[in-house]
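Please work through each task before reading its solution.

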Amino acid sequence: MTNEFMQAFPADFVWGAATSSYQIEGAWNEDGKGENIWDRFCHSPYRVANGETGDVACDHYHRMDEDVDLMAWMGLKSYRFSISWARVLPNGIGQVNEAGLDFYDRLVDRLLEKGIQPNATLNHWDFPQALQEKGGWTNPQVTDWFTQYADVMFRKIGDRVTYWATHNEPKVVAIHGYFDGMFPPGHHSLREALLAVHHINVGHGKVVQLFREGNYPGQIGTVIDIHNFEPATDSEADRLASQRYMEFNKNLFLDPVLKGNYPAYLLAWLGDQVPQELQDGIDIAATPIDFLGVNYYFTFTTSYSPGGGILRAQTHLAHSAEGFGHNSMGWGIDPVGLYKVLKSLKDEYGNPRVMIAENGTPLNDIVEADGTINDIARMRYLREHILAVHDAMQEGADVHGYYVWSLMDNFEWASGYYPRFGLVHVDRNTLKRTPKRSACWYRRLIEQNALAL
Ligand code: NOJ
């Protein structure tokens with residue numbers, strides 16, 4: 001029951017939590033799974049903090065039943081997970097690994113048994129190594145490889161999955177993978193990065209078309225990291241630098257899907273460094289989707305800088321004026337930025353149907369002597385961001401769901417295990433799961449379908 005001190009959400013609002021395959025599954029070489037680019041990267045020296053890997057991760061592959069029970073206890077309406085491409089197609093194409101496919105089949109059934117809607121992402125970065133050796137996302141054939149993989153998944157679980165996403169944060173795949181080399185395959189080439197951008201966008205559209213042809217019952221979209229971008233000052237130089245930075249990190253992915261084109265100012269700025277190929281088939285990327293998944297974490301504050309690389313831009317992660325500070329990864333906390341993102345989708349992109357596919361914060365969680373984890377700062381973080389979503393909805397933003405990142409502490413990519421994002425604590429030695437105080441708080445929020453003020 002709600003009262004005047006509560007912000008109520010629509011009855012069908014989807015409350016969820018998210019994870020991804022490489023970050024939680026482990027079992028990296030079991031039951032016929034093929035190698036993927038994150039296996040290769042983590043097994044190479046000096047790539048990941050403390051030499052950590054996702055070899056075991058949260059061992060979710062073997063503890064799936066227990067994990068779904070936790071979701072049910074929390075009252076989640078939906079669970080967002082991703083599929084490990086190389087677990088179902090060890091070479092990326094060709095021979096299907098039935099054991100891998102069976103894992104996702106069981107996961108979906110188990111979720112439905114507990115009344116939890118499955119939300120499956122096809123590409124959350126763990127791309128098959130065998131296809132990387134053929135050029136990965138820079139090879140134009142990748143759009144067909146991706147479609148073949150999607151076909152295998154649609155045929156197997158497409159009758160039961162409620163929401164599908166083609167990609168998760170494609171910026172990370174293209175820019176961190178091929179331009180700044182922070183993530184696998186660790187390349188440093190603008191040309192390769194832009195080819196990857198294009199194939200990711202076209203691949204997305206082809207998969208959406210395949211989904212439509214199959215008349216599957218669920219909905220399909222994509223998940224893009226849409227942060228808030230602001231110039232450091234009002235000067236023209238800073239404004240333009242901020243625009244370049246935003247177009248490179250956001251519009252290269254969002255505009256093809258929602259508008260069918262690439263950002264003109266950025267393309268003009270990059271000039272003849274832009275491969276001709278970017279003209280081919282861009283309209284396919286704009287095949288209508290059912291929802292846009294939005295991952296929001298921070299605000300980029302950008303200034304003009306002559307030493308700021310090809311974009312002549314330097315950026316930092318600001319926190320909002322209300323004194324939120326930075327989290328344990330140095331990210332500024334800015335809930336107002338989420339409100340602005342949702343407003344801009346409404347005003348500049350025709351108000352697409354949105355699901356917040358990720359939002360959350362890492363903290364240095366402390367396990368008390370009695371075993372409890374009182375992550376009050378996470379509760380405050382989530383509360384402020386959910387309030388920002390509510391505010392935007394009051395002003396007409398078409399938001400239908402919100403997923404906390406993450407269900408449980410997991411492998412935070414090149415940062416290893418130290419950033420703990422979970423609602424559920426995972427002991428790194430025993431892998432024991434313990435719901436944190438934020439999990440109890442979220443459970444209550446879901447139960448009431450309202451946020452106490
Ligand atoms: C975005 C990514 O999708 C997810 O894999 C990552 O762990 C979180 N953000 C936190 O960085």
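**Exercise 1.** Locate P185 and state which peptide bond joins P184 and P185.

*Solution.* Step 1: P185 belongs to the loop between α8 (170–178) and α9 (190–213); helices (H or I, at least four residues) and strands (E, at least two) are DSSP runs, numbered from the N terminus. Step 2: the bond between P184 and P185 is cis, with omega about 5 degrees. Step 3: the model is predicted, local features need pLDDT of at least 70, side-chain atom pairs count only at pLDDT 80 or more, and totals for chains, interfaces and linings use all residues. Residues are numbered from 1 along each chain as its sequence is written, and side-chain values use heavy atoms, with hydrogens and water left out.

**Exercise 2.** Determine the location of S406 and the geometry of the bond that joins W405 and S406.

*Solution.* Step 1: S406 lies in the loop between β12 (399–405) and β13 (424–426). Step 2: W405 and S406 are joined by a cis peptide bond, with omega about 15 degrees.

**Exercise 3.** Describe the surroundings of the ligand.

*Solution.* Step 1: the ligand is surrounded by 13 residues (a heavy atom within 4 Å), the closest being Q23, H124, N168, E358 and E412. Step 2: this shell divides into 6 nonpolar, 4 polar and 3 charged residues. Step 3: an N or O atom in the side chain of Q23 is 2.8 Å from a ligand oxygen atom, and a polar side-chain atom of N168 lies 2.8 Å from an oxygen atom of the ligand. Step 4: of the 290 Å² of accessible area that the ligand has on its own, the protein covers 95% (Shrake-Rupley method, 1.4 Å probe).

**Exercise 4.** Is N168 buried or exposed, and which side chains does its side chain contact?

*Solution.* Step 1: N168 lies in strand β5 (residues 163–168). Step 2: N168 has a relative accessible area of 0% and is therefore buried (under 20%; exposed is over 50%, partly exposed in between; 1.4 Å probe, protein chains only). Step 3: its side chain makes polar contacts with the side chains of H124 (3.0 Å) and N295 (3.1 Å). Such a contact is a pair of N or O atoms within 3.5 Å; within protein, one must be able to donate a hydrogen and the other to accept it, and residues adjacent in sequence count only if both atoms are side-chain atoms.

Definitions and conventions: Ala, Val, Leu, Ile, Met, Phe, Trp, Tyr, Cys and Pro count as nonpolar, Asp, Glu, Lys and Arg as charged, and the others, Gly among them, as polar.
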